[in-house]
Amino acid sequence: METPDGLPFDIRITGPDLPAAIAPSMILPSDIPKDPKWRETYHLSVAPPNVAFEMTWGPGDPLRILNFSRGDWEAQLLEMAG
Amino acid sequence: MIGNSWIREQGMQDALLCASLRDRNMDDVPLWQRKFPARDAMMAHWDSLTPLRDGLVKPEPVDVTDPATMSAEIKRRGIELGGADVGMTALKPEFIELGVDLPHKNVIAVIVYEDYAQALVGPDEVDLEAMTAYAKCADISTELARYIREELGYPAIAHHNGSFQIQAIPVFQEVGFGELGRHGSLIHPELGANFRPGFITTDLPVAYDTPRNFGIQDYCMTCNLCRNNCPGDAIPDDHIVTDGVKRWLTDIEKCYPISRFRESYCHICVDVCPYIWKENGDDEKRSMFRDYMKIRKVEGYKTPRARTPIRHRNVQINGATGPSMPTPIRPIRRRR
């Protein structure tokens, strides 16, 4: 995938069939060490072109943000999404 | 003011770190298990300052008629306490951790220089130097916050490794400390990337500093020394742009195996950055830089071609191949 101005823009999601909705909440940082070996069901990453956003979640589990860096890519993503 | 900046959590609260450990069937970060009393004392020091971040404010604030004079006084005190540079700007939501309410108008940044000569001594020395600089930042920010509260009569909270809610790099840029480099650290014209930060958020009226541009981002487009010397291949070719600033986002999943999952500290991307001497023209640092490049070359990494003979200074080098650096280096310790 490319941005409207031709730059690489990679979006990947792994997991079973796409869910109708993502988890409605985000895990509290203090809860992360309680289950450090937790395994996600879904994994979404956005690389425009560096990995600027990456999150994981599972059925009934809150979102875990692995990476997030603000940038022009956010507006580009909205534009590409129509 | 409510923050809107996602800041990576430190230690085991970092979801990516946990996932990386899990994928390697590891339970903890080996480096953090390692005993290093001198370094651990520095960490204990900034932890001891955490309860002093905030406190009572003198009831009658002094009348600040000239914010520029007040800024100069705060800077003078910051430097006197051991800071290498002090800058100030208006606090913005993007400078504050997501969801955190900081009821202040301004932010003061203080940085402490890390002695570049330690790069030529060894991983533990660099680690200790970094943690010592962090501890000094905690001292300075705590004392400046206390001074502002107790002697000037304005609310003020210190932010340092003991506890912080400030996103460092955007503040650094706004106060004119320098420009963001390819390695993901800010490059200061006098200090290179060899410094550590502390902050104070406050209502004290101060004059604001302004961003400075001296061509670093353009230089980083072609330099590539940090990229070529990263043992984890974590520094990218490409970049994103945020508010007009190029950002080469380090691939953290590649960085962690080097910077976290070994017993030694990795500071290579900073130590190979030529801005330790390039802008300030410091001949001694340039000589040290060249000595360090020799070490990197022996280790098999790409280095600049020497144009003039390397001058050896009074810097300890542990043998012909440098500071026992079989591959990556240096003990890492989490910022907390």
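Visitor: Where is the place of B:Asp243 in chain B?

Guide: B:Asp243 sits in the loop between S7 and strand S8 (245–247) of chain B. Strands here are DSSP runs of E with at least two residues, helices are runs of H or I with at least four, and both are numbered from the N terminus. The model is a predicted one, in which local features need pLDDT of at least 70 and side-chain atom pairs count only at pLDDT 80 or more, while totals for chains, interfaces and linings use all residues. Residues are numbered from 1 along each chain as its sequence is written, and chains are lettered from A and ligands numbered from 1 in the order in which they are written.

Visitor: What makes B:Asp233 exposed?

Guide: B:Asp233 has 12 other C-beta atoms within 10 Å, so it is exposed. B:Asp233 also has a positive phi, of about 55°, although it is not a glycine. Its loop runs between helix H8 (225–229) and strand S7 (240–242) of chain B.

Visitor: How do you know that chain B agrees with a compact globule?

Guide: The radius of gyration is taken over C-alpha atoms, and the globule rule is 2.2 Å times the number of residues to the power 0.38. For 336 residues a compact globule would come near 20 Å; chain B has 20 Å, so the two agree. Buried residues account for 49% of chain B, which holds eleven helices and eight strands.

Visitor: What makes S1 and S3 of chain B edge strands?

Guide: Two strands pair if DSSP finds at least two bridges between them. The open sheet has the order S1-S2-S6-S3 in chain B, with antiparallel pairing. Strand S1 (85–90) and strand S3 (156–159) of chain B each pair on one side only, and are thus its edges. From one strand to the next, the twist averages 20°.

Visitor: How do you know that S3(B) and strand S6 of chain B are joined?

Guide: Four bridges join S3(B) to strand S6 (residues 195–202) of chain B, the two running antiparallel.

Visitor: What meets in the contact of H4(B) with H5(B)?

Guide: Residues are in contact if their C-beta atoms, placed from the backbone, lie within 7 Å. B:Ile74, B:Arg77 and B:Gly78 in H4(B) meet B:Ile140, B:Leu144 and B:Tyr147 in H5(B). These divide into four nonpolar, one polar and one charged; Ala, Val, Leu, Ile, Met, Phe, Trp, Tyr, Cys and Pro count as nonpolar, Asp, Glu, Lys and Arg as charged, and the others, Gly among them, as polar.

Visitor: Where does the contact between chain A and chain B draw its residues from?

Guide: The contact takes 21 residues from chain A and 21 residues from chain B. Strand S4 (residues 64–68) of chain A gives the most to the chain A side, with five residues. That side divides into twelve nonpolar, five polar and four charged residues.

Technical notes: Two residues are in contact if their C-beta atoms, placed from the backbone, lie within 7 Å. A residue is buried if 20 or more other C-beta atoms lie within 10 Å of its own, exposed if 12 or fewer, and partly exposed in between; C-beta atoms are placed from the backbone. Axes are lines fitted to C-alpha atoms, for helices over the stretch in contact, and angles run from 0 to 180 degrees between N-to-C directions.
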